[in-house]
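Here is a quick tour for anyone meeting this structure for the first time. Keep the sequence and the 3D view open as you read.

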Amino acid sequence: MATRCGFVAVIGAPNAGKSTLVNALVGAKVSIVTPKVQTTRARVLGIACKGEVQIVYVDTPGIFAPKRRLERAMVRAAWQGAGDADVVLLMVDVAARASGRDEALEPILAGLRDAKRKAILVLNKIDLVKPADLLAIIQKLNAEGLFTDTFMISALKGDGVADLEKRVIELLPAGPWLYPEDQVADMPLRLLAAEVTREQLFLQLSQELPYSISVETESWQERADGSVRIEQVVHVLRESHKPIVLGKGGQQIKRVGAASRVELEKMLERKVHLFLFVRVSPDWANDPERYQAMGLDFER
Ligand SMILES: Nc1nc2c(ncn2[C@@H]2O[C@H](COP(=O)(O)OP(=O)(O)OP(=O)(O)O)[C@@H](O)[C@H]2O)c(=O)[nH]1
Ligand SMILES: [Mg+2]
């Protein structure tokens, strides 16, 4: 069989729905999703096979004007994802665009222009806007001359996703598959498990606090009864953050742990014993080892 294989990067502003789309295309949860911006912090691969084609989707952190070191590393990772890909999907949240909350998009269009990079325009969240608004958005964006195709989808509901997939497949080059057929992710399990807990922290903690948190799997023990014992550290930047993450009588961290354990048991298809420890690590956001563990380059 003449196989084909290639990389498809999904880029866009924070919260556009990139991770939701990659999970939908892969048919499994490979990347965490929350209503908060800047959920994805590094490139995350999701792998799908259709007939003779293997598609390696590259979910990327949202692109925005970065200020801190972690943010700069995230945005660099996103552009690198686009640079290395056979196909680039630029995802736009049409609800944000229709209401003028899309300041992040202009610099991304400029980035594509500078890189002389053609992309497929993917208008997402069409379930949230009126058709007339959609038409105006399409006309304006297509005037840029940057896009080879335009698709309108709802990554959340699945509308239009199959058509997009069909087009993407047509564009991939001949070549051997890079991963075994049954593999959907390439993230090490320890990191994936840390991401699942971080997702719960993003969902359950309010406002800015999740941005100063990093989760690390410190120990992973397979047990004779088939279960797994996982110990994770939740790094916070300040002493004052610790009581908030713990909650009164430890209730908050217990809720996070309980929800994360349910997700992990689904993913790993076995019983999980999860232990979370909150640690004040004032310098985690400047620690090269933390970056390496997250799959990010550290800028000296
Ligand atoms: N209504 C609606 N919501 C969507 C759709 N796609 C994604 N969302 C929601 O948008 C929010 C952000 O989704 P993500 O997939 O995390 O977005 P992202 O682009 O990966 O975000 P970052 O990783 O922060 O850059 C979540 O609450 C999703 O449920 C859609 O088609 N319709
Ligand atoms: Mg994401």
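## A helix across the strands

Let's start with helix H1 (residues 18-26), which lies across E1, E2, strand E3 (53-59), E4 and strand E5 (119-124) and runs at about 30° to E2. Helices (H or I, at least four residues) and strands (E, at least two) are DSSP runs, numbered from the N terminus. Axes are lines fitted to C-alpha atoms, for helices over the stretch in contact, and angles run from 0 to 180 degrees between N-to-C directions. Two residues are in contact if their C-beta atoms, placed from the backbone, lie within 7 Å.

A word on the model: it is predicted, local features need pLDDT of at least 70, side-chain atom pairs count only at pLDDT 80 or more, and totals for chains, interfaces and linings use all residues. Residues are numbered from 1 along each chain as its sequence is written, while chains are lettered from A and ligands numbered from 1 in the order in which they are written.

## The sheet

What is the strand order of the open sheet? Its 6 strands go E2-E3-E1-E4-E5-E6, with mixed pairing (two strands pair if DSSP finds at least two bridges between them). Strand E2 (44-50) and strand E6 (147-152) sit at the edges with a single partner strand each, so one side of each has no neighbour in the sheet. From one strand to the next, the twist averages 25°.

Strands E1 (residues 4-12) and E4 (residues 87-93) run parallel and are joined by 5 bridges. Here Val 10 of the chain stands opposite Leu 89 in E4.

## Around Val 30

In the loop between H1 and E2 you'll find Val 30. Is Val 30 buried or exposed? Val 30 is buried, because 24 other C-beta atoms lie within 10 Å (20 or more count as buried, 12 or fewer as exposed, and in between as partly exposed, with C-beta atoms placed from the backbone).

Beyond its neighbours within four places in sequence, Val 30 is in contact with Val 22, Asn 23, Val 44, Gly 46, Val 184 and Ala 185. Val 30 and Met 267 are 237 residues apart in sequence, yet 9.7 Å apart in space, C-alpha to C-alpha.

## Two domains

The protein chain is split into domain 1 (4-170) and domain 2 (189-294), with bounds from an automatic or database domain assignment. Their C-alpha centres lie 27 Å apart. Domain 1 brings 11 residues to the contact and domain 2 brings 12 residues.
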